[in-house]
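Please open the model in your viewer and keep the sequence panel beside it, so that each selection can be followed in both places. The tour goes from one stop to the next, and at each stop you are told what to select and what is there.

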Amino acid sequence: MTKNVLLKMTIAICNILKSLLVFSFLGLTFLFIYIQIDKSPFDKGTFNFETNSGGYSLITKWKDKSVEDYSQIYKLNKIKTTSLYIMYLKMTGILVVLFFCIKEFLKVIKSVKKVETFGLGNVKSFRRIGVLILIYSFLTSYYYIGFEQGGISKLSIPFVPLFLVLLSFVMAEIFKEGVLLKQENDLTI
Amino acid sequence: MSIVVNLDVVLAKRKMKSKDLAEIIGITEANLSILKSGKAKAIRFSTLEAICKALKCQPSDILEYVED
């Protein structure tokens with residue numbers, strides 16, 4: 001399978017995604033440091049928590065009695081420092097998990113290209129991808145942001161990643177079966 | 001496994017090297033050594049036929065059943 005366009009495209013897309021993740025990590029770190037040095041450029045940045053990304057979620061909002069509107073609370077420059085650190089760590093975690101996910105997926109694709117599809121390495125890769133997506137869904141299922149005059153927390157069940165976890169574990173089992181069949185075939189003279 | 005491959009014995013009787021046999025029946029030496037060492041899980045009828053033809057013998061000369 002040396003001239004497979006689809007595989008080549010997938011590898012290219014994965015590499016682009018990998019570099020995008022690295023860049024977004026750098027951008028995030030830059031923003032994280034910048035927001036602590038100088039908060040004034042972030043006056044206008046407000047959070048919009050109204051968007052619904054699908055799935056069931058439980059949102060809790062609270063605010064000081066002195067403030068009337070939530071939009072005055074949810075401002076980028078009014079985040080508590082501890083919340084900022086937690087958010088940064090969480091987002092970094094998500095980026096790292098996604099990066100390793102793509103890396104494992106690339107391993108699988110490269111092995112398919114080398115016509116070594118049914119190896120134990122791929123079984124391990126799919127298991128690892130499953131675990132990584134599980135970590136990802138844990139990381140994205142809950143967030144808590146404390147602002148100076150209020151806060152918000154959201155708990156949701158991310159169905160799509162959890163389904164992907166299931167899918168990748170099923171894939172691992174399928175590949176395990178494939179490895180057994182390949183061994184059987186290799187030892188048939 | 002209780003099936004023993006006696007290919008070594010037949011080869012010695014015919015004074016043939018395993019390298020030559022592999023060449024005649026058209027399989028790699030590595031595969032032949034898998035067969036001889038008993039690591040093989042199965043043998044194709046076509047391979048068996050080729051071996052019998054090359055060594056002028058019967059399958060029973062090569063394969064033997066031994067009770068555990």
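## Where the two chains meet

Begin by colouring the two chains separately: six residues of chain A are in contact with 11 residues of chain B, where contact means heavy atoms within 4.5 Å. This is a predicted model, in which local features need pLDDT of at least 70 and side-chain atom pairs count only at pLDDT 80 or more, while totals for chains, interfaces and linings use all residues. Residues are numbered from 1 along each chain as its sequence is written, chains are lettered from A and ligands numbered from 1 in the order in which they are written, and side-chain values use heavy atoms, with hydrogens and water left out.

The size of an interface is often given as the accessible area lost when the parts come together. Here chain A and chain B bury about 760 Å² between them, and 60% of that lies on carbon and sulfur atoms; buried area is the accessible area (1.4 Å probe) that two parts lose on being put together, summed over both. Now select Leu187(A), Thr188(A) and Ile189(A), the residues of chain A that lose the most area to chain B, together 82% of what that side buries.

## The sheet of chain A

In what order do the three strands of the open sheet stand? The order is β1-β3-β2, with antiparallel pairing, and two strands count as paired if DSSP finds at least two bridges between them. Strands of a sheet pair through backbone hydrogen bonds, either parallel or antiparallel. Select β1 (57-63) and then β2: these strands stand at the edges, each with a single partner strand, so one side of each is left without a neighbour in the sheet. From one strand to the next, the twist averages 5°.

Now select β3 (residues 150-156), which runs antiparallel to β2(A) and is joined to it by six bridges. A hairpin of two residues leads from β2(A) to β3(A), and Gly146(A) stands opposite Gly151(A) of β3(A).

Is Ser156(A) buried or exposed? At 16% relative accessibility it counts as buried, since buried means under 20% relative accessible area, exposed over 50%, and partly exposed in between (1.4 Å probe, protein chains only). Leaving aside neighbours within four places in sequence, Ser156(A) is in contact with Tyr56(A), Ser57(A), Thr140(A) and Ser141(A). Six of the seven residues of β3(A) are buried, so this strand is largely enclosed by the rest of the structure.

## Two nonpolar cores

Show side chains next, and look for nonpolar cores, each a set of buried Ala, Val, Leu, Ile, Met, Phe, Trp, Tyr and Cys residues joined through side-chain atoms within 4.5 Å. The largest has 22 residues, and those with the most contacts inside it are Ile73(A), Tyr74(A), Ile79(A), Leu84(A), Ile145(A), Phe147(A) and Ile152(A). Two or more residues come from each of α1 (5-37), α3 (81-113) and β2 (142-147) of chain A. Apart from this core lies another, of 17 residues, among them Leu11(B), Ile25(B), Ile51(B) and Cys52(B).

## Two lysines of chain B

Finally, turn to chain B and select Lys15(B), in the loop between α1 (7-14) and α2 (18-25). Lys15(B) has a positive phi of about 55° although it is not a glycine, and with a relative accessible area of 79% it is exposed. Then select Lys56(B), in the loop between α4 (45-55) and α5 (59-62) of chain B, where phi is also positive, about 50°, although this residue is not a glycine. Lys56(B) counts as exposed, at 71% relative accessibility.

Key. Helices (H or I, at least four residues) and strands (E, at least two) are DSSP runs, numbered from the N terminus. Axes are lines fitted to C-alpha atoms, for helices over the stretch in contact, and angles run from 0 to 180 degrees between N-to-C directions.
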